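Work through each task with the structure in view before turning to its solution.

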Amino acid sequence: MTILITGGAGFIGSHFTRRMVNQGRRVVALDKLTYAGNLENLKDVTEDAKPSNLLRFYTGDICEQRLVERILSEESIDTIVNFAAESHVDRSISSASTFIDTDMKGVFVLLEASKQFTINKFIQISTDEVYGTAHQGAFKETDALNPSNPYAASKAGGDRLAYAYWVTYKLPVIITRASNNYGSHQYPEKFIPLFITNALEDKKLPLYGDGKQVRDWIHVDDHCEAIDFLMTHGENGEVYNIGGGNERYNIDTAYFILDELKKPGTLIEHVKDREGHDRRYALDCAKLMSLGWKPKIRFENGLSDTVKWYINNQSWWKRIKNGEFMEYYKNQYSHRFASADSQIC
Ligand code: NAD
Ligand code: TDX
């Protein structure tokens, strides 16, 4: 069985690739290596994979029909796990075009190619953001989708397109909707790695609005384990929520990070809020749990380990923060900070 993992050089995709290779499974990874893709994330499996032919890497775009078809025909792909996406909400608010390309058109290309070849499982990695904000309770898989930013809307498009290929063509699709992931190798534009690395550099932490937004955090290892579990135990045509059961206010997470690093609370600066900011995400995961899976990692333990990883791997994130990231950070944050000493650069 060969698994095609798209987005395999990104945050979650690289963790999943490592997990599969370490289990002795043959993996083909396809990744465009956008700003978020990083071959360093796969260093340990590309160098140490035994036998080393377990992982084959293609640099390329999931929107390229001919490339996708060639990989499916030449590599005897049995399972596809589609992680490839533009994944950052703030970037989608600034410019949505690549989100429409990858998160919708890219899914279409993968589904169409899968129709032509014998694919036994197509797992579309969707997100809890497709439900929109949870005013009360927690979303079930059957709840209506109400995406409220361009990223979430494009992911909802990919999510429903995958479902349509099950209903219409009986393509064996499973859709997963996970909550906010955290862990090692996460690109430092996202909340947790941005706050850890800014604090390590004694820079301000830009907390949007009042910081009372709620996110349900899941450790990336728990998320990858759940996907692995669903590859065997999930039913075709079904959607599965994957949550960590760790709802936290952003402001509490920010203070936890500062406490771990022994840095002062004064580093937090409340800044202009994100447009259309979803106030709360919450998932009801009873469906997945009824199959026998539940998350194992307690948020505070996982976050403490994550903080240690960023302390011990400064060359990984400093290289990123010195590159394209700096331009992005200035554009995204310079108008948000009120104080002149917020050390944008
Ligand atoms: P990421 O941005 O770290 O990685 C995305 C990867 O996809 C990168 O390696 C990038 O180079 C690659 N990519 C982008 N466009 C591509 C294209 N056109 N063709 C091929 N490769 C392309 O994202 P992530 O946080 O690892 O998220 C992975 C998936 O999980 C995404 O589908 C995302 O929507 C979903 N998800 C993420 C979270 C989260 O909290 N991070 C939560 C739920 C769901
Ligand atoms: O500088 C910041 N300040 C801040 O207060 C950033 C970058 C974020 N935030 C807040 C916004 C959110 O309430 O922190 C929370 C988390 O923000 P992000 O890390 O941008 O994640 P979010 O918008 O919740 O989306 C994430 O979860 C769902 C992932 O980025 C998506 O890929 C996933 O689908």
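**Exercise 1.** Are H9 and H11 oblique or parallel to each other?

*Solution.* The model is a predicted one, in which local features need pLDDT of at least 70 and side-chain atom pairs count only at pLDDT 80 or more, while totals for chains, interfaces and linings use all residues; side-chain values use heavy atoms, without hydrogens and water. Residues are numbered from 1 along each chain as its sequence is written, and chains are lettered from A and ligands numbered from 1 in written order.

Begin with the axes: those of helix H9 (residues 250-261) and helix H11 (residues 299-312) come within 10 Å and cross at roughly 55°. Helices here are DSSP runs (H or I, at least four residues), numbered from the N terminus, and the axes are lines fitted to C-alpha atoms over the stretch in contact, with angles from 0 to 180 degrees between N-to-C directions. Angles under 35 degrees count as roughly parallel, over 145 as roughly antiparallel, 65 to 115 as roughly perpendicular and the rest as oblique, and H9 and H11 are therefore oblique to each other. On the H9 side the contact (heavy atoms within 4.5 Å) is made by Thr253, Phe256, Ile257, Glu260 and Leu261, and on the H11 side by Phe299, Glu300, Leu303, Ser304, Val307 and Ile311.

**Exercise 2.** Describe how H7 packs against H12.

*Solution.* H7 (residues 191-200) and helix H12 (residues 314-321) pack at an angle of about 95°, their axes being 12 Å apart. That angle makes H7 roughly perpendicular to H12. Leu194, Thr197, Asn198 and Leu200 of H7 form the contact with Gln314, Trp317 and Lys321 of H12.

**Exercise 3.** Which residues of H7 and H9 meet?

*Solution.* The axes of H7 and H9 come within 10 Å and cross at roughly 40°. Phe191, Ile192, Phe195, Ile196, Ala199 and Leu200 in H7 meet Asn250, Thr253, Ala254, Ile257, Leu258 and Leu261 in H9.

**Exercise 4.** What volume does the largest cavity have, and which residues line it?

*Solution.* A cavity is a set of points on a 1 Å grid over the protein atoms alone where a 1.4 Å probe fits but cannot get out, and lining residues have an atom within 4 Å of a point. The count comes to one cavity of 30 Å³ or more, and the largest cavity has a volume of about 40 Å³, the space filled by probe spheres set on the points, which are joined across faces, edges and corners. Val89, Glu129, Asn149, Arg215, Arg274, Gly276, His277, Asp278 and Tyr281 line the largest cavity.

How values were computed:
1 Å grid on protein atoms, 1.4 Å probe; cavity = no way out; pocket = protein on both sides within 12 Å on 5 of 7 lines; lining within 4 Å. Helix = DSSP H or I, 4+ residues; strand = E, 2+ residues; numbered from the N terminus.
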